[in-house]
Amino acid sequence: LSYYNEYKSYLRILLGRMSSDIGQKCLVIPDEKGYNTQMFNIPVKYAQFLKYILIPNGLVKDRTQKLAVDILCADHLKKCKQLVVLCVLKGGYKFCSELVNAMEQHISSSDIHLTIKVEFIRLKSYHNTESKGEVDVIGLQDLSCLTNKDILIVEDIVDTGNTMMKLLDLLAEYNPTSVQCASLLLKRTPKSCGYVPDYIGFSCPDNFVIGYGLDYNEYFRDLPHIAVINDEGIKHFSA
(Lines give C-alpha, C1' and ligand atoms only; values in the text may rest on other atoms or scores of the structure.)
Protein backbone atom coordinates (compact mmCIF):
# COMPACT_ATOMS: atom_id res chain seq x y z
CA LEU A 1 0.00 0.00 0.00
CA SER A 2 2.84 2.37 0.87
CA TYR A 3 4.52 1.72 -2.50
CA TYR A 4 1.21 2.28 -4.31
CA ASN A 5 0.70 5.65 -2.58
CA GLU A 6 4.25 6.70 -3.42
CA TYR A 7 3.67 5.69 -7.04
CA LYS A 8 0.46 7.76 -7.20
CA SER A 9 2.33 10.75 -5.75
CA TYR A 10 5.04 10.32 -8.37
CA LEU A 11 2.46 10.28 -11.16
CA ARG A 12 0.82 13.45 -9.84
CA ILE A 13 4.18 15.22 -9.81
CA LEU A 14 5.02 13.95 -13.30
CA LEU A 15 1.67 15.05 -14.72
CA GLY A 16 2.03 18.41 -13.00
CA ARG A 17 5.38 19.00 -14.69
CA MET A 18 3.98 17.83 -17.99
CA SER A 19 1.00 20.22 -17.68
CA SER A 20 3.35 23.10 -16.90
CA ASP A 21 5.46 22.44 -20.02
CA ILE A 22 2.45 21.85 -22.25
CA GLY A 23 0.89 25.08 -21.00
CA GLN A 24 3.46 26.92 -23.07
CA LYS A 25 2.05 25.55 -26.33
CA CYS A 26 -1.71 25.15 -25.79
CA LEU A 27 -4.70 26.14 -23.69
CA VAL A 28 -4.93 24.06 -20.52
CA ILE A 29 -8.46 23.13 -19.44
CA PRO A 30 -8.49 22.73 -15.62
CA ASP A 31 -9.63 19.50 -13.99
CA GLU A 32 -13.33 19.15 -13.23
CA LYS A 33 -14.17 22.56 -14.63
CA GLY A 34 -16.90 22.83 -17.20
CA TYR A 35 -19.94 24.81 -18.29
CA ASN A 36 -23.58 24.20 -17.49
CA THR A 37 -25.18 22.44 -20.47
CA GLN A 38 -28.30 24.62 -20.10
CA MET A 39 -26.24 27.63 -21.21
CA PHE A 40 -25.70 26.12 -24.67
CA ASN A 41 -27.69 24.92 -27.64
CA ILE A 42 -27.59 21.14 -27.18
CA PRO A 43 -29.34 18.62 -29.45
CA VAL A 44 -32.31 17.23 -27.52
CA LYS A 45 -31.20 13.65 -28.18
CA TYR A 46 -28.01 14.25 -26.17
CA ALA A 47 -29.07 16.75 -23.50
CA GLN A 48 -29.63 14.29 -20.65
CA PHE A 49 -26.41 12.38 -21.31
CA LEU A 50 -23.88 15.20 -20.79
CA LYS A 51 -22.13 15.94 -17.52
CA TYR A 52 -20.98 19.37 -18.68
CA ILE A 53 -19.58 21.28 -21.65
CA LEU A 54 -15.80 21.20 -21.52
CA ILE A 55 -14.92 23.41 -24.51
CA PRO A 56 -17.54 25.50 -26.34
CA ASN A 57 -17.65 25.42 -30.13
CA GLY A 58 -16.57 29.05 -30.52
CA LEU A 59 -13.43 28.52 -28.48
CA VAL A 60 -12.54 25.44 -30.54
CA LYS A 61 -12.81 27.44 -33.76
CA ASP A 62 -10.80 30.38 -32.43
CA ARG A 63 -8.02 28.12 -31.22
CA THR A 64 -7.99 26.30 -34.57
CA GLN A 65 -7.46 29.60 -36.40
CA LYS A 66 -4.37 30.27 -34.29
CA LEU A 67 -3.02 26.76 -34.83
CA ALA A 68 -3.34 27.25 -38.59
CA VAL A 69 -1.13 30.35 -38.46
CA ASP A 70 1.41 28.65 -36.17
CA ILE A 71 1.70 25.67 -38.51
CA LEU A 72 2.22 27.80 -41.61
CA CYS A 73 4.89 29.87 -39.87
CA ALA A 74 7.02 26.81 -39.08
CA ASP A 75 10.59 27.11 -40.40
CA HIS A 76 10.61 23.78 -42.20
CA LEU A 77 7.62 24.82 -44.35
CA LYS A 78 9.16 28.05 -45.66
CA LYS A 79 10.71 26.22 -48.62
CA CYS A 80 8.00 23.59 -48.87
CA LYS A 81 5.85 23.59 -52.00
CA GLN A 82 3.28 21.01 -50.92
CA LEU A 83 2.07 19.91 -47.50
CA VAL A 84 0.27 16.60 -47.21
CA VAL A 85 -2.34 16.76 -44.45
CA LEU A 86 -3.05 13.26 -43.19
CA CYS A 87 -6.44 13.27 -41.50
CA VAL A 88 -6.99 10.50 -38.96
CA LEU A 89 -10.58 9.28 -39.33
CA LYS A 90 -13.16 9.23 -38.05
CA GLY A 91 -12.80 11.60 -35.14
CA GLY A 92 -10.41 14.04 -36.78
CA TYR A 93 -12.60 15.01 -39.72
CA LYS A 94 -14.21 18.13 -38.21
CA PHE A 95 -11.00 19.48 -36.76
CA CYS A 96 -9.13 18.71 -39.97
CA SER A 97 -11.73 20.45 -42.13
CA GLU A 98 -11.70 23.55 -39.92
CA LEU A 99 -7.90 23.59 -39.75
CA VAL A 100 -7.35 23.17 -43.48
CA ASN A 101 -9.89 25.90 -44.28
CA ALA A 102 -8.13 28.25 -41.85
CA MET A 103 -4.74 27.42 -43.37
CA GLU A 104 -5.99 28.01 -46.91
CA GLN A 105 -7.53 31.35 -45.91
CA HIS A 106 -4.24 32.44 -44.38
CA ILE A 107 -2.30 31.32 -47.45
CA SER A 108 -4.61 33.28 -49.78
CA SER A 109 -4.04 36.49 -47.83
CA SER A 110 -0.28 36.17 -47.38
CA ASP A 111 2.91 35.63 -49.36
CA ILE A 112 3.00 31.87 -48.73
CA HIS A 113 3.45 29.66 -51.80
CA LEU A 114 2.17 26.36 -50.51
CA THR A 115 -0.44 23.90 -51.68
CA ILE A 116 -2.25 21.56 -49.33
CA LYS A 117 -3.16 18.01 -50.24
CA VAL A 118 -5.42 16.00 -47.93
CA GLU A 119 -5.14 12.25 -47.47
CA PHE A 120 -6.98 10.00 -45.01
CA ILE A 121 -6.19 7.09 -42.75
CA ARG A 122 -8.39 5.32 -40.25
CA LEU A 123 -7.17 3.85 -36.98
CA LYS A 124 -9.09 2.43 -34.04
CA SER A 125 -7.91 2.10 -30.46
CA TYR A 126 -11.12 2.42 -28.38
CA HIS A 127 -13.76 0.00 -27.19
CA ASN A 128 -16.44 1.79 -25.18
CA THR A 129 -14.44 4.27 -23.02
CA GLU A 130 -11.16 2.35 -22.85
CA SER A 131 -8.15 2.93 -25.08
CA LYS A 132 -6.98 -0.55 -26.06
CA GLY A 133 -3.39 -1.66 -25.85
CA GLU A 134 -3.49 -2.61 -29.53
CA VAL A 135 -4.16 -0.31 -32.46
CA ASP A 136 -6.20 -1.50 -35.44
CA VAL A 137 -5.36 -0.05 -38.86
CA ILE A 138 -8.70 -0.16 -40.64
CA GLY A 139 -8.61 2.16 -43.62
CA LEU A 140 -5.01 1.84 -44.76
CA GLN A 141 -4.42 2.25 -48.48
CA ASP A 142 -1.14 2.58 -50.42
CA LEU A 143 0.91 5.25 -48.64
CA SER A 144 3.88 5.18 -50.99
CA CYS A 145 2.72 8.58 -52.24
CA LEU A 146 4.02 10.00 -48.93
CA THR A 147 7.65 9.26 -49.78
CA ASN A 148 9.73 12.48 -49.72
CA LYS A 149 6.70 14.50 -48.64
CA ASP A 150 6.17 16.94 -45.78
CA ILE A 151 3.33 15.51 -43.71
CA LEU A 152 1.04 17.01 -41.10
CA ILE A 153 -0.99 14.43 -39.20
CA VAL A 154 -4.28 15.86 -37.95
CA GLU A 155 -5.79 14.01 -35.00
CA ASP A 156 -8.77 14.69 -32.76
CA ILE A 157 -7.21 13.53 -29.49
CA VAL A 158 -3.99 12.04 -28.18
CA ASP A 159 -4.81 9.87 -25.17
CA THR A 160 -2.16 7.31 -24.23
CA GLY A 161 -0.16 8.24 -27.32
CA ASN A 162 0.08 4.60 -28.41
CA THR A 163 -2.09 5.15 -31.47
CA MET A 164 0.09 8.02 -32.68
CA MET A 165 3.32 6.12 -32.06
CA LYS A 166 1.91 3.26 -34.14
CA LEU A 167 1.09 5.65 -36.97
CA LEU A 168 4.50 7.34 -36.82
CA ASP A 169 6.21 3.95 -37.07
CA LEU A 170 4.02 3.12 -40.04
CA LEU A 171 4.78 6.37 -41.86
CA ALA A 172 8.52 6.01 -41.26
CA GLU A 173 8.47 2.99 -43.57
CA TYR A 174 7.67 5.35 -46.47
CA ASN A 175 10.57 7.77 -45.82
CA PRO A 176 8.72 11.10 -45.69
CA THR A 177 10.74 14.34 -45.64
CA SER A 178 9.13 15.47 -42.39
CA VAL A 179 6.26 14.43 -40.16
CA GLN A 180 4.50 16.63 -37.62
CA CYS A 181 1.24 16.22 -35.74
CA ALA A 182 -1.52 18.64 -34.84
CA SER A 183 -4.00 17.34 -32.27
CA LEU A 184 -7.06 19.20 -31.11
CA LEU A 185 -6.79 17.62 -27.64
CA LEU A 186 -4.05 16.14 -25.50
CA LYS A 187 -5.35 14.21 -22.52
CA ARG A 188 -3.56 14.47 -19.18
CA THR A 189 -3.44 10.83 -18.18
CA PRO A 190 -1.03 8.65 -16.18
CA LYS A 191 -1.41 6.07 -18.98
CA SER A 192 0.43 8.35 -21.41
CA CYS A 193 3.49 6.90 -23.14
CA GLY A 194 4.97 10.40 -23.10
CA TYR A 195 4.24 11.40 -26.68
CA VAL A 196 3.41 15.09 -27.15
CA PRO A 197 2.17 16.44 -30.53
CA ASP A 198 3.92 19.32 -32.26
CA TYR A 199 0.74 21.41 -32.22
CA ILE A 200 -1.96 21.13 -29.56
CA GLY A 201 -5.28 22.89 -29.29
CA PHE A 202 -6.12 22.08 -25.68
CA SER A 203 -4.75 20.03 -22.81
CA CYS A 204 -7.79 18.38 -21.24
CA PRO A 205 -8.49 16.42 -18.04
CA ASP A 206 -8.49 12.64 -17.91
CA ASN A 207 -12.19 12.30 -18.76
CA PHE A 208 -13.90 10.60 -21.67
CA VAL A 209 -14.79 13.50 -23.96
CA ILE A 210 -17.21 13.56 -26.85
CA GLY A 211 -18.47 15.99 -29.46
CA TYR A 212 -16.98 17.93 -32.38
CA GLY A 213 -16.16 14.69 -34.17
CA LEU A 214 -15.24 12.70 -31.07
CA ASP A 215 -17.58 9.80 -30.43
CA TYR A 216 -18.72 7.26 -27.90
CA ASN A 217 -19.53 4.11 -29.89
CA GLU A 218 -20.30 6.28 -32.95
CA TYR A 219 -22.65 8.65 -31.07
CA PHE A 220 -22.09 12.36 -30.27
CA ARG A 221 -19.91 13.16 -33.30
CA ASP A 222 -22.51 15.73 -34.36
CA LEU A 223 -22.50 17.51 -30.99
CA PRO A 224 -21.08 20.99 -31.80
CA HIS A 225 -19.24 21.40 -28.49
CA ILE A 226 -16.69 19.21 -26.73
CA ALA A 227 -18.32 17.75 -23.63
CA VAL A 228 -17.93 15.12 -20.92
CA ILE A 229 -20.37 12.23 -21.06
CA ASN A 230 -22.19 11.27 -17.86
CA ASP A 231 -22.73 7.79 -16.39
CA GLU A 232 -26.23 7.59 -17.84
CA GLY A 233 -24.85 8.30 -21.31
CA ILE A 234 -22.14 5.66 -20.95
CA LYS A 235 -24.74 3.08 -19.98
CA HIS A 236 -27.30 4.11 -22.59
CA PHE A 237 -24.93 4.07 -25.57
CA SER A 238 -22.65 1.19 -24.54
CA ALA A 239 -21.88 -1.35 -27.22
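**Exercises on a predicted model**

The side chain of histidine 225 has a polar atom 2.9 Å from the backbone nitrogen of asparagine 57. The structure is a predicted model, in which local features need pLDDT of at least 70 and side-chain atom pairs count only at pLDDT 80 or more, while totals for chains, interfaces and linings use all residues. Residues are numbered from 1 along each chain as its sequence is written, and side-chain values use heavy atoms, with hydrogens and water left out.

**Exercise 1. Histidine 225**

Task: State where histidine 225 is found, decide whether histidine 225 counts as buried or exposed, and list its contacts.

Solution. 
Step 1. Helices (H or I, at least four residues) and strands (E, at least two) are DSSP runs, numbered from the N terminus. Histidine 225 sits in the loop that runs between strand S9 (209-210) and S10.
Step 2. Buried means under 20% relative accessible area, exposed over 50%, and partly exposed in between (1.4 Å probe, protein chains only). Histidine 225 counts as buried because its relative accessibility is 9%.
Step 3. Contact means heavy atoms within 4.5 Å. With neighbours within four places in sequence left aside, histidine 225 is in contact with Phe40, Asn41, Ile42, Ile53, Ile55, Pro56, Asn57, Ile210, Gly211 and Tyr212.

**Exercise 2. The nonpolar cores**

Task: Find how many residues the largest nonpolar core has and which element gives the most to this core.

Solution. 
Step 1. A nonpolar core is a set of buried Ala, Val, Leu, Ile, Met, Phe, Trp, Tyr and Cys residues joined through side-chain atoms within 4.5 Å.
Step 2. The largest such core has 38 residues, and Leu99, Met103, Leu152 and Leu185 have the most contacts inside it.
Step 3. Among the elements that give two or more residues to this core are helix H2 (57-72), helix H3 (93-108), strand S6 (150-158) and strand S7 (178-187). H3 gives the most, with seven residues.
Step 4. Take leucine 99 and leave aside its neighbours within four places in sequence: its contacts are Thr64, Leu67, Ala68, Ile71, Leu152, Val154 and Ala182.
Step 5. There is also a second, separate core of 21 residues, including Ile121, Leu170, Leu171 and Cys181.

**Exercise 3. One side of helix H4**

Task: Which residues of helix H4 (residues 162-172) are buried, and on what side of H4 do they lie?

Solution. 
Step 1. The buried residues in H4 are Thr163, Met164, Leu167, Leu170 and Leu171.
Step 2. These residues are on the same side of H4 because they cover an arc of only 120 degrees around the axis. The arc is taken from the directions that lead from the helix axis to the C-beta atoms.
Step 3. The general rule is that an α-helix has 3.6 residues a turn, so residues three or four places apart point the same way.

**Exercise 4. Cysteines**

Task: Count the disulfides and explain why cysteine 26 and cysteine 87 form no bond.

Solution. 
Step 1. A disulfide is a pair of cysteine sulfur atoms within 2.5 Å. The count is zero disulfides.
Step 2. For cysteine 26, the closest cysteine sulfur is that of cysteine 204, at 9.5 Å, which is too far for a bond. Cysteine 26 is buried, at 9% relative accessibility.
Step 3. For cysteine 87, the closest cysteine sulfur is that of cysteine 96, at 3.8 Å, also too far for a bond. Cysteine 87 is buried, at 1% relative accessibility.

**Exercise 5. Backbone angles**

Task: Which residues does a cis peptide bond join, and where are asparagine 175 and tyrosine 212 found?

Solution. 
Step 1. The cis peptide bond joins leucine 89 and lysine 90, with omega about 5 degrees. Lysine 90 lies in the loop between S3 and H3.
Step 2. Asparagine 175 is in the loop between H4 and S7. Although not a glycine, asparagine 175 has a positive phi of about 50 degrees. Asparagine 175 is exposed, at 52% relative accessible area.
Step 3. Tyrosine 212 is in the loop between S9 and S10. Tyrosine 212 is not a glycine either, yet has a positive phi of about 55 degrees. Tyrosine 212 is buried, at 4% relative accessibility.

How values were computed: A polar contact is a pair of N or O atoms within 3.5 Å; within protein, one must be able to donate a hydrogen and the other to accept it, and residues adjacent in sequence count only if both atoms are side-chain atoms.
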